[in-house]
Amino acid sequence: MDTISLENRTRSAALFEEAKNYFPGGVNSPVRAFKSVYGPPLFIKEGQGCRITDEDDHTYIDFCCSWGPLILGHNNAKVRDLVTETVAKGTSFGTPTRLGNELGKLIVNNNRYIDKIRFVSSGTEAVMSALRLARGITGKSKVIKFEGCYHGHVDSLLVKAGSGLATFGESTSAGIPRAFAEETIVLPLDDRKLLEETLQKYSDDIACIIVEPVPANNGLLLQDPSFLECLRLKCYKYGVLLIFDEVISGFRVGFEGAAGYYGIQPDIITYGKIIGGGMPVGAYGGSHEVMSHISPDGPVYQAGTLSANPVAMAAGYAALKQLLEPGFYEGLEAKTKRLADRLQAFALRHDLPMHVQQIASIFWLAFTRDRVVRADQIDAASMEHFKNLHRELLRRGVYLGPSGYEVGFVSAAHTEQDLDEAASIMEKCLHMVFK
Ligand code: PLP
């Protein structure tokens with residue numbers, strides 16, 4: 001098999017050098033800089049189906065899928081056609097549009113967990129607005145989040161646990177006023193006792209609990225459904241709102257996201273990624289009552305110049321319509337499970353310290369022998385294995401997101417043949433990494 005040497009990424013390397021003149025670290029989102037893996041970042045010029053091609057004309061089977069939005073793969077024909085048709089009539093009017101209605105209707109009519117939705121332009125914006133809504137409804141200000149869940153770069157959520165259990169958070173970024181971080185309480189996932197104690201102590205100040213019901217930003221920390229049910233019950237008990245951050249899981253683990261997958265009704269759900277069909281769209285939704293607090297109906301202000309932009313609505317509509325086709329999610333899940341099972345069997349056969357975590361069309365390679373459910377169970381030293389694996393995979397034409405904490409996504413465009421090809425390459429590379 002021909003391999004692509006790192007030295008052959010000459011055009012990507014040159015473009016990256018140039019980009020450093022314009023952008024901090026040469027990028028517009030930090031993990032794209034390839035700091036945790038070898039070589040310069042790939043500059044991608046084209047994507048078709050499950051493959052992407054870089055500026056050096058190397059093609060890769062892509063498991064990043066633009067960090068999750070591309071559940072149909074790259075350049076899906078129906079998405080492209082509706083986007084081109086729409087863009088030919090103008091890109092933005094700052095008014096309501098019929099296409100916005102179409103997408104709103106498609107979502108609300110096929111999701112039992114929300115009655116109304118508000119479109120914004122990113123996942124971060126959705127989460128930020130959801131927090132404001134929860135605070136506006138409850139008149140309380142503190143938020144509980146969980147270690148290992150990511151919710152975008154919202155000030156009060158770029159926070160990790162302070163010293164001692166259930167203390168108020170410490171920011172993980174410069175530029176966040178201490179007062180903001182102190183509004184956030186960070187708890188470990190799956191610690192029901194600490195959750196109960198915290199709610200007992202602070203529930204008069206706590207507006208909401210926010211959780212990624214499928215935590216997929218720090219590895220794939222799949223939770224026991226009973227933990228999510230426990231969150232729901234405790235929120236009812238203590239008069240706290242429950243926010244499911246479904247920016248990744250929404251439309252990924254099913255059309256109704258994790259709420260539908262687990263059969264749990266949160267108070268507010270946030271969406272992003274898939275909802276925009278590859279365009280910048282986020283959203284948040286809830287019951288009629290919850291959403292009646294949003295302006296102009298209610299006192300919680302939230303607005304956006306490009307919210308529900310027609311081109312983005314077209315992409316979202318054309319994408320989501322395809323997800324409703326019978327058997328869509330079952331087929332995708334079956335393919336992904338087959339890949340995950342094959343890699344897991346390989347690891348067992350060769351006694352490799354690797355556990356393949358998978359749900360629906362999301363997978364993650366944990367370089368441990370056991371299932372990982374909390375952030376503190378991830379061995380940071382094992383990321384060295386990922387770094388080496390990433391290099392070998394790139395040399396052989398498989399692209400995973402450039403960090404061992406990132407999950408992989410399988411799209412409808414990955415055929416079983418593509419997945420078999422990728423699995424063979426992965427096995428070969430795992431051999432090399434662990435030899
Ligand atoms: N919430 C979750 C669960 C996410 O995974 C992300 C992004 O990865 C966000 C929020 C932020 O979304 P965006 O990057 O669109 O601002």
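**Note on the predicted model: loops, a lysine site and a helix pair**

1. Asp 57 sits in the loop between strand 2 (51–54) and strand 3 (59–62). This is a predicted model. The phi of Asp 57 is positive, about 65 degrees, although the residue is not a glycine. Asp 57 counts as exposed because it has 11 C-beta neighbours inside 10 Å, and the cut-off for exposed is 12 or fewer.

2. Asp 351 is another residue to check. Its phi is near 55 degrees, a positive value in a residue other than glycine. Asp 351 lies in the loop between helix 11 (328–349) and strand 13 (355–359). Is Asp 351 buried or exposed? Asp 351 is exposed, since 9 other C-beta atoms lie within 10 Å. As background, most residues other than glycine have a negative phi, and most peptide bonds are trans.

3. Next, a peptide bond. Ser 295 and Pro 296 are joined by a cis peptide bond, with omega about 10 degrees. Pro 296 belongs to the loop between helix 9 (288–291) and helix 10 (310–323).

4. Now the annotated lysine. An unreviewed UniProt entry lists Lys 273 for "modified residue: N6-(pyridoxal phosphate)lysine". The annotation may be inferred rather than shown by experiment. In the model, Lys 273 lies in the loop between strand 11 (268–271) and strand 12 (282–286).

5. Why does Lys 273 count as buried? Lys 273 has 26 other C-beta atoms within 10 Å, and 20 or more make a residue buried. Leaving out residues up to four places away in sequence, Lys 273 touches Gly 68, Pro 69, Gly 123, Val 247 and Ile 248.

6. On to a helix pair. Helix 6 (residues 192–202) packs with helix 7 (residues 225–238) at an angle of about 15 degrees. Their axes are 11 Å apart. The two helices are therefore roughly parallel to each other, as angles under 35 degrees count as such. The crossing of helix 6 past helix 7 is right-handed.

7. Which residues form the contact between helix 6 and helix 7? Helix 6 brings Arg 192, Leu 195, Glu 196 and Leu 199. From helix 7 come Phe 227, Cys 230, Lys 234 and Tyr 238. By class, this contact of helix 6 with helix 7 has 5 nonpolar, no polar and 3 charged residues.

Technical notes: Residues are numbered from 1 along each chain as its sequence is written. This is a predicted model: local features need pLDDT of at least 70, side-chain atom pairs count only at pLDDT 80 or more; totals for chains, interfaces and linings use all residues. Helices (H or I, at least four residues) and strands (E, at least two) are DSSP runs, numbered from the N terminus. Two residues are in contact if their C-beta atoms, placed from the backbone, lie within 7 Å. Axes are lines fitted to C-alpha atoms, for helices over the stretch in contact, and angles run from 0 to 180 degrees between N-to-C directions. Angles under 35 degrees count as roughly parallel, over 145 as roughly antiparallel, 65 to 115 as roughly perpendicular and the rest as oblique. A crossing is left-handed if the near helix is turned anticlockwise from the far one by less than a right angle, and right-handed if clockwise. Ala, Val, Leu, Ile, Met, Phe, Trp, Tyr, Cys and Pro count as nonpolar, Asp, Glu, Lys and Arg as charged, and the others, Gly among them, as polar.
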